[in-house]
Amino acid sequence: MTDSAAPLRVMEETPAYWRIIFDYPPFNVADGTMFQALQDLLARADVNPNLRVVVFESANRDFYLSHFDLTGKLGNVMTAIGPTGLPILADTFVRLTRSPVVSIAKIRGCVRGACSEFVLACDMRFASRENTRLGQPEVGVGLHPGGGGTERLPHLVGRGRALEIILGASDFDGDIAERYGYVNRALPDAELDAFVDTLARRIASFDRRALSAAKRLVNKVSLPSTDRLLDGLTSFQAALMWTEAQQRVGALLKLGLQQDPDCERSWPAVLDTLLKPAPARLSPANIDD
């Protein structure tokens, strides 16, 4: 059974196992519409007594979820309060982590910033070895992570590697992401679908009560507090108003972010030169004979 609802589609493989397919052209940007769709999905999933596991994947092989919308189409994600008592941005990720339903991110393509924070909130992450670009580039845009990246990454990868990921603001491929613990495993792209499907079907065969109880106990010893998450988001909201951040975001948009596919694929690579003046062009007047 398939249920179509932009910007994601729900494919009910079995009553216990759903595939959630991000399909929000051109780049699967996380804007207000995407967050509302995720909120609706979580509400639907949590009250379904048959559902055991959901797998999040993308219809676009180049962009899993690309990044937080930087053009202002965020709706109420920073202001409205969700069921956890947190603003919608953080609430969505906390609800995903606390859900009795097991969540698996099956990653192909680019996933950065708040979208990296989405996959960090999933219970498990599996990535294409050849086709993954994963990162937290906010510092290179004059900001810092605000949706749980600074709180969740250190527990997964350790302090030093978390600082490398966040302060370096670069992309990480599947192999390095696996080595660091950013993802559970990186698999050859041709093997990724079958591996995740087999795991999801196995989990779906178990009792929901046992799954949710085990997940709840793991959560108690592995998750950041809501107070720490709120502190990070509050600081991020303030950072959005920094002059440096506004200048860097403006420069990225001029380069073609959220418009040009090539820019979308590679923009973290230029962050260290983003505000440097372009080199002077040679002309007959400044060339010595």
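This presentation covers the pockets, cavities, nonpolar cores and salt bridges of the structure above.

The model is predicted, so local features need pLDDT of at least 70, side-chain atom pairs count only at pLDDT 80 or more, and totals for chains, interfaces and linings use all residues. Residues are numbered from 1 along each chain as its sequence is written, and side-chain values use heavy atoms, with hydrogens and water left out.

I begin with empty space. Rolling a probe the size of a water molecule over the atoms shows where such space is left. The search runs on a 1 Å grid over the protein atoms alone: a cavity is a set of points where a 1.4 Å probe fits but cannot get out, a pocket is an open set with protein on both sides within 12 Å along at least five of seven lines, and lining residues have an atom within 4 Å of a point. Grid points are joined across faces, edges and corners, and a volume is the space filled by probe spheres set on the points.

The largest pocket has a volume of about 380 Å³. It is lined by 19 residues, of which C122, D123, V218, N219 and S222 are the closest to its centre. Helices (DSSP runs of H or I, at least four residues) and strands (runs of E, at least two) are numbered from the N terminus. In those terms, the elements giving two or more residues to this lining are α3 (114-121), β7 (124-135), α4 (149-157) and α8 (208-222). The greatest share comes from α8, with 5 residues. For residue classes, Ala, Val, Leu, Ile, Met, Phe, Trp, Tyr, Cys and Pro count as nonpolar, Asp, Glu, Lys and Arg as charged, and the others, Gly among them, as polar. The lining of the largest pocket then has 11 nonpolar, 4 polar and 4 charged residues.

The second largest pocket holds about 200 Å³ of space. Its lining includes F68, L70, L74 and Q246, and by class has 7 nonpolar, 2 polar and 1 charged residues.

The volume of the largest cavity is about 170 Å³. Of its 17 lining residues, F68, L70, G113, A114 and E138 are the closest to its centre. This lining divides into 10 nonpolar, 4 polar and 3 charged residues.

The second largest cavity has a volume of about 60 Å³. Among the residues that line it are L41, L42, F56 and S103. Elements α1, β4 (53-58) and β6 (102-112) each give two or more residues to this lining, and α1 gives the most, with 3. The classes here are 8 nonpolar, 2 polar and no charged.

Next, the cores. A nonpolar core is a set of buried Ala, Val, Leu, Ile, Met, Phe, Trp, Tyr and Cys residues joined through side-chain atoms within 4.5 Å. Buried means under 20% relative accessible area, exposed over 50%, and partly exposed in between (1.4 Å probe, protein chains only). The largest such core has 68 residues, and F22, F56, Y64, F68 and F118 have the most contacts inside it. Helix α1 (residues 32-46) gives the most to this core, with 7 residues. A second, separate core of 15 residues includes Y17, V53, I104 and L192.

Finally, the charged pairs. A salt bridge is a side-chain nitrogen of Lys or Arg within 4 Å of a carboxyl oxygen of Asp or Glu. By this rule, there are 17 salt bridges.

What does E12 pair with? E12 forms a salt bridge with R44, with the closest N and O atoms 2.9 Å apart. Because E12 lies in strand β2 (residues 8-14) and R44 in helix α1, the pair ties together parts 32 residues apart in sequence.

R201 is bridged to E13, with 3.3 Å between the closest N and O atoms. R201 lies in helix α7 (residues 189-204) and E13 in strand β2, so this pair ties together parts 188 residues apart in sequence. R201 is partly exposed at 36% relative accessibility, and E13 is partly exposed at 29%.

K106 forms a salt bridge with E57, the closest N and O atoms being 3.3 Å apart. K106 is buried, with a relative accessible area of 7%, and E57 counts as buried at 8%. A network of salt bridges links E13, R19, E57, R61, K106, R108, D189, D193, D197 and R201.
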